[in-house]
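Colleague: I am new to this structure and would like a close look at a single part of it. Please keep to one place and go through it step by step.

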Amino acid sequence: MYRAWLFIKRGLINMFSYKTALALGILGSLVGIVQFTFMGRFLSEGNTFSAIGQYGGNIIAYLIIGSAFTAFLGVSLNSFQGAIRSEQQMGTLEHLLMGPTKLELLLIYSGAWTFLNTLLNVSVLLAVIVLVFGISLEMNLVGAIVVLVLTVLGLSGIGLMSAGVIMVTKVGDPITWIFTTLTGLLSGVLFPIQYLPIPLRAVSYLLPTTYALDALRMTLIRNASLEQVLPQLVILALTAMITVPLGFCVFHRGFNKARRTGTLAEY
Amino acid sequence: MISVNSISHIYSRKPQPALSEVSFEVGPGSIFGLLGPNGAGKTTMVRILSTLIIPTSGKAKVNGYDIRKEEAKVRASLGVVIGEERAFYYRLNGFQNLEFFGGILGLNRKDLRRRIAEKLELVGLEDDRKLPFMKYSTGMKKKLNIARALLVEPQVYLLDEPNSGIDPDSAVRIRELILDLRKKGKTILLTTHNMDEADRLSDVIGILRQGRLVAVDTPGNLRKSLKRRVLKVEFREEDLTSYKSKMLELSGRLRRGEETLDATVKDFLLTINLRDGSGINRILNIISTSGLEVTSTRIEEASLEDVFMETTKGR
């Protein structure tokens, strides 16, 4: 019994030592409940799904693209900080830095693999939609790629900021958490934003991911041309123009702070 | 060369400075041995010179490049062994790991393969090059770490405990390798806990104590500075009862007139710490008339370990 207690005590000490992660974890569970409530309302409509009529009205295509988008969101936001964390745990981070290549570039190289991996997974998902579920997608592939590239670029800026924060906080980065949570809840990943109360809907219009998802569904399901999704593309391009330089700046500050405090390799 | 000028560093969570106003220089073709107890600041100094830590104050140059303003050039001049066992990708083998890091360090593909083969042979890992890193022993991991530092053939080497965890045979090989680098005119900063190794390899030794450089000199001068010599007298083995009684009398006679005499007896060996003013002739005369048969007498100088213990006392 005492031994079991020792394991529980060890777990508790470990959990409370990561205070930010603990707080964000609890908040995440609460947001999850809210998200499922809205999704429940949407699904309770039955087979009509009038709210997704603009995307062809097919719930499977709607949800799978939402899910694929979430995968890219995860890659863009988490691949940089994930790469840093992984190098710290392997003990290789300091040795990577000994070369002439800047850490930002090393992270981008590392992210390229994660991006390709996700692209492969998403391609499989789309193939499943078409081949297994027999849903015909009228795709504007070039348009979808443009949307995806702009989205990944803009979100990568936020990912870089988050990597800069994680350099200092080590765990429990609030930037990624806030962005992922808001996107999951308010961007129309699992249900259309019309199901949100008006104040929350206003927030969803402030998120670039709302426009990204809309444009992605339009190009992948409705064969929308680049002209048709131009407003969304402009918003995504503007987002990238702001987040990428800001991301590099925050990352650089976090990196240098970790070097000043001597905690670069700590995690 | 390496030039360190009044480097201080304070970690945010520790009130005591990790390094305090440390200055030293290491010229080309020489080895500077940095010694100190655990936590004295040796690794912090290596990390500062590697540009992995930005010091709180002070200046330093590596190969003529400022560690604050010319970081990339500093890194390009360096081969670093940081005293950790990990630091490689577990599922890649030795060759693949070196190929990855060599590429990141800026070596071209053609040159890289030749250099990897060369360095693996140099550290004695040529037969284990295809073994995944996770299967490597502690010593093998350390050797791979050294091979990586050698890959770019830099001008300056920072070697943080390169021989810790390595078997004696391999340690000799690594020491020869370090001496060979010195012959080639490379500048080497070496941290170690092995006093014998520091003594054998270093041209100059610096001893850190609580972040301060408390001694810098050649190993010989450091030993001399302690002004301590030890007289060791061995006696022929004889009946223990008679030996003990003679030894008791001898101790009494030796201490007469020199009450603070520092002498210890272990089995049939008498060790006396000689200080300035300790009259060797008087001691030897007393011993010769003690009735004990002397088989050998020798005077030993203070070792580097004695210097280290004395310098870092009360840390």
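How much area is buried between domain 1 of chain B and domain 2 of chain B, and what share of that area do carbon and sulfur atoms give?

Modeller: This is a predicted model, in which local features need pLDDT of at least 70 and side-chain atom pairs count only at pLDDT 80 or more, while totals for chains, interfaces and linings use all residues. Residues are numbered from 1 along each chain as its sequence is written, chains are lettered from A and ligands numbered from 1 in the order in which they are written, and side-chain values use heavy atoms, with hydrogens and water left out.

Chain B is assigned domain 1 (2–224) and domain 2 (226–311); the bounds come from an automatic or database domain assignment. Between the C-alpha centres of these two domains of chain B there are 42 Å. The size of an interface is often given as the accessible area lost when the parts come together. Here about 1000 Å² is buried between domain 1 and domain 2 of chain B, and carbon and sulfur atoms give 71% of it. Buried area is the accessible area (1.4 Å probe) that two parts lose on being put together, summed over both. On the domain 1 side of chain B, B:Met195, B:Arg223 and B:Lys224 lose the most area to domain 2, together 53% of what that side buries.

In terms of contact (heavy atoms within 4.5 Å), 14 residues of domain 1 of chain B meet ten residues of domain 2 of chain B. Zero salt bridges are found across this interface; a salt bridge is a side-chain nitrogen of Lys or Arg within 4 Å of a carboxyl oxygen of Asp or Glu.
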